[in-house]
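Biologist: I am new to this one and would like to go through it slowly. Could you put it up and walk me through it?

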Amino acid sequence: MSAGLSARLERISTDGRYLIVPMDHGITLGAVNGLKDLEGTVDSITSGGADAVLTQKGVADRVHPHKNGSGYIVHMNASTSIGPDENDKRVTCNIEEAIRAGADAVSFHINVGSNYEPKQIEDLAELTSEAARYGLPVLAMAYARGPGIEGDEPEYLGHAVRLAEELGADVVKTGYSGDAESFQHVCDSTNLPIVIAGGSRGTDFETAEMVRGAMDAGASGVSMGRSIFQHEDPEAITRAVAAIVHDDHDAEDALAAAGLTVEA
């Protein structure tokens, strides 16, 4: 690992653990709650302990003044929820643009098992090769999605994270299989640090229990968007997740320490 790559990974993590908050949903979903006042949300979650925030390149100038020293990741492909197929992620950025936007790392979404998998494999492979020239880490968002795939099955998630490693990613994000026991297979499928997606928002306790289960299975953290940035108190829920990821608290203790009500 080059010195530059190592240094930049440290900017988006703490002691090898990751609490990343993706807020690239403005392309996918529009200016939903939590993203209209992007500046305020970034300030809240980074004050709460997020290691890094993630957006598309065009809003970088709205992020940097408010991220309180946290890392910054530029996402490099996208689709919309109102387009013909949300799985058809198209490239939105190149490495030089990401660097100009102040990125400490870049991320790329690939839907393993979808009709668009072949092109997305090519795009991710090209991206990792180019990023390596600059010592820029790549977070691969590798999901198992497509015809015949229902839910986050550990077999398919394991395939997705291994694909990310084989293509040269440095960190991989994927879905959570629902419990620590089944997610162990996913963690065993790669040597990369794994961070789990948050998915659609549940209760605070469900969120905390999911994070605790993933960490118990061997994950290195989370890349959690809507469950954090759409929360009534983004700073508090970030503190709770940080207590689990960075301080190994259980779900109830983490929520209590953050001043959140513990309810299943």
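Predicted model: local features only at pLDDT ≥ 70, side-chain atom pairs only at ≥ 80, totals over all residues.

Biologist: Is D15 buried or exposed, then?

Modeller: D15 counts as exposed because its relative accessibility is 80%. D15 sits in the loop between α1 (3-11) and β1 (18-22), where helices (H or I, at least four residues) and strands (E, at least two) are DSSP runs numbered from the N terminus. D15 also has a positive phi of about 50 degrees, although it is not a glycine.

Biologist: And what is the phi of D248?

Modeller: The phi of D248 is near 60 degrees, again a positive value in a residue other than glycine. D248 lies in the loop between α11 and α12 (251-257), and with a relative accessible area of 45% it is partly exposed.

Biologist: Okay, overall layout: in what order do the eight strands close into a barrel?

Modeller: The order is β1-β2-β3-β6-β7-β8-β9-β10, with parallel pairing; two strands pair if DSSP finds at least two bridges between them. Neighbouring strands of this sheet are turned by 30 degrees against each other on average, direction ignored, where axes are lines fitted to C-alpha atoms, for helices over the stretch in contact, and angles run from 0 to 180 degrees between N-to-C directions.

Biologist: What holds paired strands together in general?

Modeller: Strands of a sheet pair through backbone hydrogen bonds, either parallel or antiparallel.

Biologist: How many bridges does β7 make with β6 and with β8?

Modeller: Strand β6 (residues 105-112) pairs with β7 in the parallel sense over seven bridges, and V106 stands opposite V138 in β7. On the other pairing, three bridges join β7 (residues 138-144) to the parallel strand β8 (residues 171-174), with V171 in β8 as the bridge partner of L139.

Biologist: Why is β7 called largely enclosed?

Modeller: Seven of the seven residues of β7 are buried, so the strand is largely enclosed by the rest of the structure. Both of its faces are covered, with V138, A140, A142 and A144 buried on one side and L139, M141 and Y143 buried on the other.

Biologist: What lies over the face of Y143?

Modeller: R145 does, at 4.1 Å from the ring centre; a charge sits over a ring if NZ of Lys or CZ of Arg is within 6 Å of the ring centre and within 35 degrees of the ring normal.

Biologist: Which residues touch the most other members of the largest nonpolar core?

Modeller: M23 and F183 do, in a core of 73 residues, where a nonpolar core is a set of buried Ala, Val, Leu, Ile, Met, Phe, Trp, Tyr and Cys residues joined through side-chain atoms within 4.5 Å. Helix α11 (residues 234-247) supplies the largest share of this core, eight residues. A second, separate core of 15 residues includes I73, Y143, V171 and V195.

Biologist: Last one, where is S81?

Modeller: S81 is in the loop between β4 (77-78) and β5 (90-91). S81 and L29 are 52 residues apart in sequence and 6.0 Å apart in space, C-alpha to C-alpha.

Conventions:
Residues numbered from 1 in each chain as written. Heavy atoms only, no water. Buried < 20%, exposed > 50% of the residue type's maximum accessible area, 1.4 Å probe, protein only.
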